[in-house]
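Have the model open while you read.

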Amino acid sequence: GAHARGPEHPVALTFIDARHRHGAWLATITEPEGEATTVDGGALAGALPPAVRPRTATVHKSAHAIITAIDDRTTRMLGWSPGEMVGARSLEFYHPDDRDRAVANWMEMLSKQQSHRVRLRHRCRDGSWLWVEFENVYQGSERMEDVVIVSQMSDISDEMAAHEAV
């Protein structure tokens, strides 16, 4: 049987929303297996489930596609810190097979000075690729150096996985 082990032995508490099917929340309490668990959470961190990745995020860019700001959701979605993204070219983060499409879309957006959408694979901090859709919202100015593009990013990986399965 289970017994209380005290606060020096942390556990992982996981909630599952089953209200749509069973009208209740399910919860599990598990101990990390084969790991030394410490009060400071050092070893426990690897045993806990990863935080839920946001489905949307916002990146600000210059007319030259230089990243000027990212929100906290971008960091949680892709793993990159502001210091790693701000000042870099957007293209550096795109899959090589998607770069021509990204550039063509960007140039069309600038020439028409209207919002445009593009789907591509974005590199994550861990080296993986995430399918995202950008809605690049053009915020014009008389001077090109003052133009701001607000890129609303949406995770479309589930949809793309379904397409690939078909």
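**Notes on core, strands and voids**

1. Starting with the largest pocket: its lining comprises eleven nonpolar, four polar and two charged residues. Here Ala, Val, Leu, Ile, Met, Phe, Trp, Tyr, Cys and Pro count as nonpolar, Asp, Glu, Lys and Arg as charged, and the others, Gly among them, as polar. Keep in mind that this is a predicted model, where local features need pLDDT of at least 70 and side-chain atom pairs count only at pLDDT 80 or more, while totals for chains, interfaces and linings use all residues. Residues are numbered from 1 along each chain as its sequence is written, and side-chain values use heavy atoms, with hydrogens and water left out.

2. That pocket holds about 230 Å³ of space. (On a 1 Å grid over the protein atoms alone, a pocket is an open set with protein on both sides within 12 Å along at least five of seven lines, a cavity is a set of points where a 1.4 Å probe fits but cannot get out, and lining residues have an atom within 4 Å of a point; points are joined across faces, edges and corners, and a volume is the space filled by probe spheres set on them.) Of its 17 lining residues, Ala65, Leu91, Ala102, Val103 and Trp106 lie nearest the centre. The largest share of the lining, five residues, is from α4.

3. There is one cavity of 30 Å³ or more. Around it sit Val59, Lys61, Ile67, Met85, Ser90, Tyr94, His122 and Phe134.

4. Which residues touch the most other members of the largest nonpolar core? Leu78 and Met153, out of 19 residues. (Such a core is a set of buried Ala, Val, Leu, Ile, Met, Phe, Trp, Tyr and Cys residues joined through side-chain atoms within 4.5 Å; buried means under 20% relative accessible area with a 1.4 Å probe, protein chains only.) β6 gives the largest share, three residues. (Helices, H or I of at least four residues, and strands, E of at least two, are DSSP runs numbered from the N terminus.)

5. Met153 is worth a click. Beyond four places in sequence, its contacts (heavy atoms within 4.5 Å) include Val59, Leu78, His122 and Phe134.

6. On the strands: β3 runs antiparallel to β7 (residues 148-155), with seven bridges, and Val59 is opposite Ser151. β6 also pairs with β7 in the antiparallel sense, over eight bridges, and there Phe134 faces Met153. (Pairing needs at least two DSSP bridges.)

Definitions and conventions
Buried means under 20% relative accessible area, exposed over 50%, partly exposed in between (1.4 Å probe, protein chains only).
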